[in-house]
Amino acid sequence: MHLAYPAVLAALLFCTGLYGVLARRNAILVLMSVELMLNAVNLNLVAFDVWLSKAARETLHSGQALTLVTIAIAAAEIGIGLAIVLAVHRNRGTSDIDKLRDTAEGRAGRRGREGRGHRVTTTTLAVLVPLLPFLGAAAGLLLGRTAPGFVRPLAVLPALTSLVLAVLVAVRQGGDQAVNAHTELTPTGSVPIELALHIDGFAALVAILVGVVATCVQIYSTGYLRDDPRYPSYAALVSLFTSAMLLVVYSGDLIVLLVGWEVMGICSYFLVGHYWETPEARAASIKAFLVTKLGDVPFLIGLFALATQAGSFRITTILGTVAHGGLDHPTLIALLLLAGVAGKSAQFPLHSWLPDAMAGPTPVSALIHAATMVAAGVYFIARLLPVFEASQAAMVVLAVMAAVTMVGSGLAALAQDDIKRVLAYSTMGQLGYMTGALAVGDRSAAVFHLLTHGAFKGLLFLAAGVIIHAAGTNSLAAMSRMSGLRDRVPDAFWTMTVALLALTAIPPFSGFFSKESVLGAAEHVATGHTEHAPGVAGWITLVAGMIAALLTAAYATRLWLLAFNGRGAEAPDHGRQPLTMTVVLWVLAVPSLALGAFAYRSLPDWFDGRDLTPTLTTSVVGTGVALVGGIVTYAAWRHTTALAARVPLGAVAAHPEGDAGQVEAEAIASHAPVFGGVAYAPDPADPGRLLLGPLHRHAAVGFHLDAVYAALFVRPVQAGASLVRFLDREVVETYVRGAGALPRLLGAAVRRAQTGNVQTYVSALLAGTVVLAVAALLVATGA
């Protein structure tokens, strides 16, 4: 039996049990739900035990002891748990959790007495959430060379502990009133800077997402980069990256948020350039840093302007000022802030750095795309949405930015050859959905899609890393000439299929519910049912969202067909990937499959209370459009497959026996000599070429936006630098050299007069005396 079947069954059992624990109010049902979760764990243990034993050709099952322990724990737990529940029912006369909780004392009194204690405890836990990864990063850098055995535990355990604490913070917060705490960091004489926490339902859930993805990335990286000599610094930077994003999520002060914002930028520079031996990685790291900094300059100006008008950097104070109409220039401030968001979240026109950033390790791509850097801009707007809603013009600009990004990235993704670049453009499009939701004033839908996207996009990138390792190439054109790749990586095949279905928004996968909540919100605004956003923003978002749904289904289907349905030589057999790389795929497959269905009813209690249920019209149209995109792409693939055998393509890594990180670095380096560019491959068998027609060559290079930037910015700056260099060398240095040459010449003349001959000196003295006497006589006589 294939491992995927019991794993999927266990995931469904676990999700069902988790839903029962979270949603049910009867103690017996909660207990039964816990039993389902334990049985899911037990099923996984048995399945992995059989799988590992077959792989090792052993008859002794090494996991039997763990299985027996789990059964014993489950039996003891059910006995003791039922005894406790029955005893409570006998004493209290009920098994309803709410009634049991309120029997001893009134709800109001209980909340009054516990609220303060919970607030203190929650604040302490919240401080530890970003602090632990930071301490792990510092310890990893210090001990990386002297005690390398501690590097992996210091990478994984802080992230895992931070995740557990983030869950506790979310449970404490419970979707109720936001937790606020602050202390003055330093007096400034004007606008104070404070260490402040502001944890509402949005922050609590986004922090869990960051913790889950960061933990999965750290675990995955222990296998992916197991032989990388720079792994200690890599792991420390990932921990610092995670800490910075958590600081952004929990921060209640814009200056503290800005610190995390900028730390993420410098971490991305080092992580994208991890393979600094390759010119692609060096160029990509510099480009990512410069483009994001280009947006950060107006972003910083906007922050100071906002704080000046509000009199504080505190988010709660700023929102209060906006509510009372205290902003004098909301449009200017919102547009300045949007520049920083466009750079950080890779939205048009500052998006060009993100596809090139795929030159970094795949786990870094998963972290950046799923839960940290690019999510920060969307989260920032969600936090300060009333500031943007104060300007109708800013909302329209936001909608246009989202629409151009959604459609343009979809077209570009359909033309890419690098599997990671396809996913990079996909991220830009999905972020466009989120900014579109914000443009119609629905931050609940935006953050809902942020949560589901984090799950399936992290899964897509990590699965892509497994595929690149197995195939020895990142080229879809080369993969389409390999048969049997899906059998080499069954875990990546099944989990990536789940993630692509979620990306395509096919029900009942998680992406369907979150994407339809965005389209439903856009339809609500477009039809004039609300006045908090301009109707034109609703129409722009709705139309672009439908077009993007078609394109998303097309490039997702193309990726799946080219990667897993190749024809040609047998795919190389590198053996099984490390268990740390495959287990996390199934972990992320669970929310990719079930998060949307389980969450869309309960999330409104954590957010603004707006209904996230998919509407009938947008659900039918959106799903129909997606199905059309997939079917048309499949038909194009069937038409072009016959051409695949005529053009033998391939860019296989030179050392396929190495670890996954080494294979990826060599695959990136070998792609350009074979195809002439990471983004492009002259493959007549590519269905994207047939679908796009003459637009293909333009879409493959991002519609020449880099060339436009080169003409508008790079070449003028280089010309200005050349002019400055000319002026410095030919003008300024001429004056400097002249200023030094004149005294030197005068000194030489004076030196010639110093002969050392006394008679010469006396003669000069007498001659000077005669000259002076004659001059004095002439002056006296008036001549």
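With which residue does R230 form a salt bridge? In this predicted model, the partner of R230 is E277, and the closest N and O atoms of the two residues are 3.0 Å apart. The pair links distant parts of the chain, since R230 is placed in the loop between α7 (201–224) and α8 while E277 is placed in the loop between α9 (254–272) and α10 (279–310), with 47 residues separating them. R230 is partly exposed, its relative accessible area being 24%, and E277 likewise counts as partly exposed, at 45% relative accessibility.

A search of the whole structure finds 10 salt bridges, and the pair of R230 and E277 is one of several that can be described in detail. In another, the side chains of D356 and K287 meet with an N to O distance of 2.6 Å. This pair, too, links distant parts of the chain, with D356 in helix α13 (residues 353–356) and K287 in helix α10, 69 residues apart. D356 has a relative accessible area of 24% and is therefore partly exposed, whereas K287, with a relative accessible area of 18%, is buried, because the term applies to values under 20%.

A further salt bridge joins the side chains of K293 and D296, at 2.9 Å from N to O. Here both residues lie in helix α10, three residues apart, which corresponds to about one turn of the helix. K293 counts as buried at 18% relative accessibility, and D296 counts as buried at 5%. Elsewhere, salt bridges that share partners join K287, D356, R421 and D706 into one network, and the pair formed by D356 and K287 has been described above.

Attention may then be turned to F241, which is found in helix α8 (residues 231–250). The relative accessibility of F241 is 0%, so this residue counts as buried. When residues up to four places away in sequence are not counted, F241 touches M264, C267, S268 and L271, and also L367, I368, T372 and M373. A separate relation is found between F241 and P130, which are 111 residues apart in sequence and yet lie 10.0 Å apart in space, as taken from C-alpha to C-alpha.

Conventions
Residues are numbered from 1 along each chain as its sequence is written. This is a predicted model: local features need pLDDT of at least 70, side-chain atom pairs count only at pLDDT 80 or more; totals for chains, interfaces and linings use all residues. Side-chain values use heavy atoms; hydrogens and water are left out. Helices (H or I, at least four residues) and strands (E, at least two) are DSSP runs, numbered from the N terminus. Buried means under 20% relative accessible area, exposed over 50%, partly exposed in between (1.4 Å probe, protein chains only). Contact means heavy atoms within 4.5 Å. A salt bridge is a side-chain nitrogen of Lys or Arg within 4 Å of a carboxyl oxygen of Asp or Glu.
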